[in-house]
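Me: I'm new to reading protein structures, and I'd like to take a close look at one part of this one. Could you walk me through a single helix and what surrounds it?

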Amino acid sequence: MIHAGIEKEIRQVVQDKRRVLTNEADLASYSYDASFGVFPPDVVVQPTTTNEVVGIVKVANKHKTPIYPRGKGTSLSGGPLPVHGGIVLDFSKWTDTLIIEPDDLVAIVSPGVITADINKMANSFGLMYPPDPSSSHVSTIGGNLAENAGGPRGLKYGVTKDYVLGLEVVTADGEVIQTGGRTVKNVTGYDLTKLIVGSEGTLAIITKAILQLIPKPQSTGTLMVLFDDLVIAGKAISSILTGGILPSKLEIMDQASVIAVEQFEPSGLPIDIEALLLIELDGHPAAIEAEAKRVKAICLEIGAREVKIAETKEEEAELWKARKLVSPAIVRKKPTKISEDATVPRSRIPDMFQRLKEIREKYKIDLVVFGHAGDGNLHPNIIADKRDTEEMKTVENAVEEIFKAAVEMGGTLSGEHGIGTMKAPFMEMELGTSGLSMMKRMKQAWDPHNLLNPGKIFPEPGQRFVLTDE
């Protein structure tokens, strides 16, 4: 527990008593996110200005108290969990700035702005903010910046870091610095902007962002492709991309996903298929029509059972409905969902599908595979019941094997969910001792007292991968 003196100093910085939370019920609400683990903070503060963040950081520095930045708590990797107590900085109320400047194709935003609202406002100017994590209608841009969030459109348009031109951040000693700027080209000095995006709040606290926007495509078109073999579906993905076509989205659902969706909300999808691809093309309507025909030909040639091209926007929405229903559908069987995002090079997608099938059979687990297959960012989801200790131990072993398989194939532990607490024990496996050591030295230089989001990214002594709330 922090002592009363710290709370008093925080209340002098944030004088609105409604934005300093200390009662037990409030602290419990900030003790968890969408991953695993329960860690109550000592106090929750809801800043709405940079000066307030500076003041809070200086108080924390004075008393060597850890600080945990937090958006809406949608993290799947434990990013905002206050694992050592201390102060949670809840940015969800800091939403006052959402400015679109169409002449410069930029958006200027406060950290608590909901990500989907940025794209919605950009659309009104004929522009688009491409990053589209599945949680975009609830997650904050600050959280997306911290975790370098991706989404289905990542295949064609990239992830969050590709659209950040500049940041305002508060450092661990309470200084305010500006990184980057408003120009697309900026090669002055080290690229601190890219360093901070994806650093999960461990280097500095983001208080403002300047985001690049792009012209919104004129139109979109969608295809659904059915396969009798999961590995053939993987090969089709490579064939589409090497065939000169770059879809805006290329998503996959395996048989278990399809069955779950059909049981949840039947729409007539065949449940005897091994895989289903959903492909979105965007651009000029004439180009979309030509590319759709080409994609259909490629898929049929490689062995697809059937290809359906949406003729209307209503049909397009209906095809995407199944993909959106996967998450709510699969948790009907068991209450605990472990969502991973191991990512492999595109050429190894068929191999990864095969390994996932082997892991499912080896551990006798409920494993479904869906995700952003076009960029190798698969989402193996395991459905379990965390009340069953033996089952959870089996799942832990299976997840470790999934991570190992991805790294062995030249892939990565995380394509978009971040490292947080969940994947910290595996960092050395991917980065090596020297690579991890270099990151630790960078952390030490930025945050010498280890006050910013401690317990994340870097494994602590004896830390192991666990899927319980203990």
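Reply: Happy to! Please keep in mind that this is a predicted model. Let's start in the sheet and work our way to the helix. In strand β18, Ile382 is the bridge partner of Leu367. That pair belongs to a set of 7 bridges joining β17 (residues 366-372) to β18 (residues 377-384), and the two strands run antiparallel.

Now for the helix I'd pick, α10, which spans residues 285-302 and packs on the sheet. There α10 touches β12 (219-227), β14 and β15, and its direction makes about 10° with that of β12. The sheet itself is open and has 7 strands, in the order β15-β12-β14-β13-β17-β18-β16, with antiparallel pairing. Find β15 (306-309) and β16 (336-339) at the edges: each has a single partner strand, so one side of each is left without a neighbour in the sheet. From one strand to the next, the twist averages 20°.

Back to α10. Its 18 residues reach 26 Å from the first C-alpha to the last, close to the 26 Å expected at 1.5 Å a residue. Which of its residues are buried? They are Ile288, Ala292, Val295, Ile298 and Cys299. If you look down the axis of α10, the buried residues fall within an arc of 130°, so they line one face of the helix. Here is a handy rule for picturing that: an α-helix has 3.6 residues a turn, so residues three or four places apart point the same way.

What do the buried residues of α10 pack against? Their partners are β12, α8 (230-242), β14 and β15. Turn to the face of α10 that points away from the buried side, and you will find the exposed residues Lys293 and Glu301.

Another helix to look for is α9 (residues 255-264), which lies across β13 (249-254), β14 (275-283) and β17, running at about 80° to β13.

Finally, let's return to Ile382, where we began. In the largest nonpolar core, which has 62 residues, Ile382 is among those that touch the most other members, along with Phe227, Ile252, Leu277, Ile279, Ile338 and Met352. The largest share of this core, 9 residues, comes from helix α13 (residues 389-408). Beyond its neighbours within four places in sequence, Ile382 is in contact with residues including Ile338, Ile365, Leu367, Val395 and Ile402.

How values were computed: Residues numbered from 1 in each chain as written. Predicted model: local features only at pLDDT ≥ 70, side-chain atom pairs only at ≥ 80, totals over all residues. Heavy atoms only, no water. Core = buried A, V, L, I, M, F, W, Y, C linked by side-chain atoms within 4.5 Å. Buried < 20%, exposed > 50% of the residue type's maximum accessible area, 1.4 Å probe, protein only. Helix = DSSP H or I, 4+ residues; strand = E, 2+ residues; numbered from the N terminus. Contact = heavy atoms within 4.5 Å. Pairing = 2+ DSSP bridges. Axes fitted to C-alpha atoms, helices over the stretch in contact; angles between N-to-C directions. Expected span 1.5 Å × (residues − 1). Arc of directions from axis to C-beta.
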